Amino acid sequence: MKTKQKFLVGRLEDLPKQMGYECLIANEKIAIFRLSDDRVKAIRNVCPHKNGPLAEGTVSGDFVYCPLHDYKISLQDGRVEEPDEGCVETYEVDILDGLVYVRV
């Protein structure tokens with residue numbers, strides 16, 4: 001099993017709540033979301049439907065809505081809500097001393 005590396009994204013306080021932030025980590029486009037309760041979630045920044053940029057989507061609770069066709073995607077497990085289909089990769093996030101790290 002491949003060991004995942006930890007990459008620094010930035011400071012928690014600098015990430016706006018309920019908005020996405022795109023970053024490029026290890027050649028992967030990743031969308032970072034700081035939720036209203038300060039949890040941070042990271043998913044691949046490409047909708048499985050038409051490759052929409054999920055970081056530009058609307059965040060509601062533990063979901064993001066793709067800005068292109070409104071697919072509802074779980075920030076917990078990356079699954080697209082039925083009746084639509086698909087899944088995006090999720091990434092582990094660590095917050096240490098106010099710094100946000102993503103494991104890729």
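Q: How many residues of β3 are buried?
A: In this predicted model, 5 of the 7 residues of β3 are buried. The strand is mostly covered.

Q: Where does β3 run, and which strand pairs with it over 5 bridges?
A: β3 spans residues 28-34. Over 5 bridges it pairs with β4, residues 40-44. The sense is antiparallel.

Q: Is β4 mostly covered or mostly open?
A: Mostly covered. Of the 5 residues in β4, 4 are buried.

Q: Which residue in β4 is the bridge partner of Ile30?
A: Arg44 is the partner of Ile30. Ala31 stands opposite Ile43, also in β4.

Q: What holds paired strands together, in general?
A: Backbone hydrogen bonds. The strands can run parallel or antiparallel.

Q: And which way do the side chains point?
A: In a regular strand they alternate between the two faces of the sheet.

Q: Which residue has a positive phi in the β2 and β3 hairpin?
A: Ala26, near 50 degrees. That hairpin has 2 residues between the strands.

Q: And which strand pairs with β4 over 2 bridges?
A: β8, residues 90-96, in the antiparallel sense. Ile43 has Thr90 of β8 as its bridge partner.

Q: Switching to charges. How many salt bridges are there?
A: A search of the whole structure gives 9.

Q: Which residue does Glu28 bridge to?
A: Glu28 bridges to Arg44, with the closest N and O atoms 3.8 Å apart. The pair links distant parts of the chain: Glu28 is in β3 and Arg44 is in β4, 16 residues apart.

Q: Why does Glu28 count as partly exposed rather than buried?
A: Its relative accessible area is 27%, and buried means under 20%. Arg44 counts as partly exposed too, at 34% relative accessibility.

Q: Which residue does Lys72 bridge to?
A: Glu81. The closest N and O atoms of Lys72 and Glu81 are 3.5 Å apart. Glu81 is partly exposed, with a relative accessible area of 35%.

Q: Which ring does the charged end of Lys72 sit over?
A: The ring of Phe63, at 4.4 Å from its centre.

Q: And which ring face does Lys6 lie over?
A: The face of Tyr101. Lys6 is 5.0 Å from that ring centre.

Q: How many aromatic pairs are there?
A: The count is 0. For a pair, ring centres must lie within 6.5 Å.

Q: Back to salt bridges. Which residue does Asp94 bridge to?
A: Arg103, with the closest N and O atoms 2.8 Å apart. Arg103 has 25% relative accessibility, so it counts as partly exposed.

Q: Which residues are joined into one network?
A: Arg11, Glu13 and Asp14, through salt bridges that share partners.

Q: Last topic. Which residues does UniProt list for "domain: Rieske"?
A: Residues 7-102, according to the UniProt record, which is an unreviewed entry.

Q: How much of that stretch is helix, and how much is strand?
A: Residues 7-102 are 0% helix and 45% strand.

Q: How far apart are the end C-alpha atoms?
A: The end C-alpha atoms of residues 7-102 are 5 Å apart.

Technical notes:
Residues are numbered from 1 along each chain as its sequence is written. This is a predicted model: local features need pLDDT of at least 70, side-chain atom pairs count only at pLDDT 80 or more; totals for chains, interfaces and linings use all residues. Side-chain values use heavy atoms; hydrogens and water are left out. Two strands pair if DSSP finds at least two bridges between them. Buried means under 20% relative accessible area, exposed over 50%, partly exposed in between (1.4 Å probe, protein chains only). Rings of Phe, Tyr and Trp (its six-membered ring) pair if their centres lie within 6.5 Å; planes under 30 degrees apart count as stacked, over 60 as edge-to-face and the rest as tilted. A charge sits over a ring if NZ of Lys or CZ of Arg is within 6 Å of the ring centre and within 35 degrees of the ring normal. A salt bridge is a side-chain nitrogen of Lys or Arg within 4 Å of a carboxyl oxygen of Asp or Glu. UniProt positions are given in the numbering used here, feature names are shortened, and annotations may be inferred rather than shown by experiment.
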